[in-house]
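Trainee: I have just opened this entry. Could we go through it together?
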Amino acid sequence: MKLKPTKKLSDIVKLINNAAFIGDPEFIVTGINEIHKVEKGDITFIDHPKYYDKALLSDASVIIINRQVHEDVFDLFYNLDATEEQLGFPTVYGSSKQGWMSHDWNKPTDDVTALLDTILDYIPAPPQPLGTLQMLITSLDYSSFVGRIAIGRVFKGVIKENMPVSLMKRDGSIVKSKVKELHIFEGLGRKQVKEVHAGDICAISGLENFDIGDTVSAIENPEALKVIAVDEPTMSMLFTINNSPFYGKEGKFVTSRHLRDRLYKEIEKNLALRVEDTDSTDSYLVYGRGILHLSILIETMRREGYELQVGQPKVIFKEIDGVRCEPIEALTVNTPENVSGKVIELVTQRKGELHIMEPKGDLIHLEFYIPARGIIGLRNNILTATAGEAIIAHRFKAYEPYKGEVPGRINGVMVSMEKGSATAYSIDKLQDRGRFFIDPSAVVYTGQIIGEHIRPGDIVVNVVRAKQLTNMRASGTDAKMVISPKINFSLEEAMEYIQEDEYLEVTPKAIRLRKIYLDENERKRMEKKSA
């Protein structure tokens, strides 16, 4: 994003925390000089310093806070072993909601000039070397009018509209092409320009058959930049149409054609995503960089009005030199010392190996290597064990030999026997069987998962049965019902919860868990067949 106040301002790039899902954060890093991770809105805020870690603050040049927590931020930096230079960070106070920034929180202003001036004072402008044109394609976009759009930073030289260029591929081949339109990023939008100089980030339309990591160079004597590879997907999920009894009631796009078109449109601009057809015309295998990567796609589709179902996430295995290998993640956990033992126990149960354990201020810093299979469902368990105080981060490390079986969900589920509205009477009588995912009066269907059983193994229950009315009255028969609150799943939590014989039904209005085979007898037949 390029801002243009009364004086020249260097490029300011918003790097959202999930930006790594384009395949590799190095793609973004190579395109900018200064990184500022944004938590809310357009301006970085620090509300609760204890929840920020070194990964977020290590590159910080300017700290922006919306409350009097300057000393807390300083203590956080100190606990994270910050250098003297980092401890001397400039501070700007302000409110993005109210649209002001100031060097003194007691003196609110009318605009964000104080922030822009601070950036100009502390962040150097991008270098502008002369020479042969070099632009590295680090991202892409798609338009139904002009097709694929290449996005990247001009490292050297000048690129102009209608200029013939050389597209240097990663395999060493050179393809002649032509720039049709040039856009730069200004404010929250784009602006068409005639030329772009070194140091600027721009979008080019007109190039054909380009890939991430290719270099756009001069037509004569082209020079390639270092090729950056896209990280391979590590997890897959089955995407299929919604065929539940509530099909078509809550969404606008419900057919297999809608689902197919949307998924293949996504891969035009989502670098780390892969889509494959299956034997069924209604289902597709989608490969991504992890649960969060895939959940962002699902949530986006849900908000756009799509109805779909997804299966259990599965890691992608590879055979390397005749050995079956699986993706290994580097897991980092910062947790209070008194619960660090619980964290170590939970991770090692899932084949995690502890490599580093050291104090960091009032926290214990733990680093593990754990199979990607073990990450699924682990976050909630750690947060529960640490009362929400653990700070968790993980990143793909490498493919290593298969580590063995990882324990999955222990408890079974409660499955609805009938279709209809759940009654408080039935839920109250079944509370000793487990915890529910629904409230009284919620509409359910046969085969829907409505709760978690307290023991291993699934049970089928009737939650739509109402209390039989009678003219007879007796003392104690109408005792007051006390129903425990339902368990609320986020999309990611629900994706991690489901098992191989279950689907997650996602619509614009609801997220439901269900069995793949809704009929109880059919489930038993399929279970015997697979045994």
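Trainee: Which residue in strand 15 does Val 165 stand opposite?
Mentor: Val 165 stands opposite Ala 218. Please note that this is a predicted model, in which local features need pLDDT of at least 70 and side-chain atom pairs pLDDT 80 or more, while totals for chains, interfaces and linings use all residues. Residues are numbered from 1 along each chain as its sequence is written, and side-chain values use heavy atoms, without hydrogens and water.
Trainee: How many bridges join strand 9 and strand 15?
Mentor: Strand 9 (residues 164-168) and strand 15 pair over 4 bridges, in the antiparallel sense. Strands are DSSP runs of E with at least two residues, numbered from the N terminus, and two of them pair if DSSP finds at least two bridges between them.
Trainee: And what stands opposite Leu 136 in strand 15?
Mentor: That is Thr 215. Strand 6 (residues 134-143) pairs with strand 15 (residues 215-218) over 3 antiparallel bridges. In strand 7, Arg 153 is the bridge partner of Leu 136; strands 6 and 7 (residues 147-156 for the latter) share 9 bridges, also antiparallel.
Trainee: What is the strand order in the open sheet?
Mentor: The sheet has 8 strands in the order 10-9-15-6-7-14-11-12, with antiparallel pairing. Strand 10 (174-178) and strand 12 (189-193) each have a single partner strand, so one side of each lacks a neighbour in the sheet.
Trainee: Changing topic, what percentage of the chain is buried?
Mentor: Of its 531 residues, 46% count as buried, meaning under 20% relative accessible area with a 1.4 Å probe, protein chains only.

Conventions: Buried means under 20% relative accessible area, exposed over 50%, partly exposed in between (1.4 Å probe, protein chains only).
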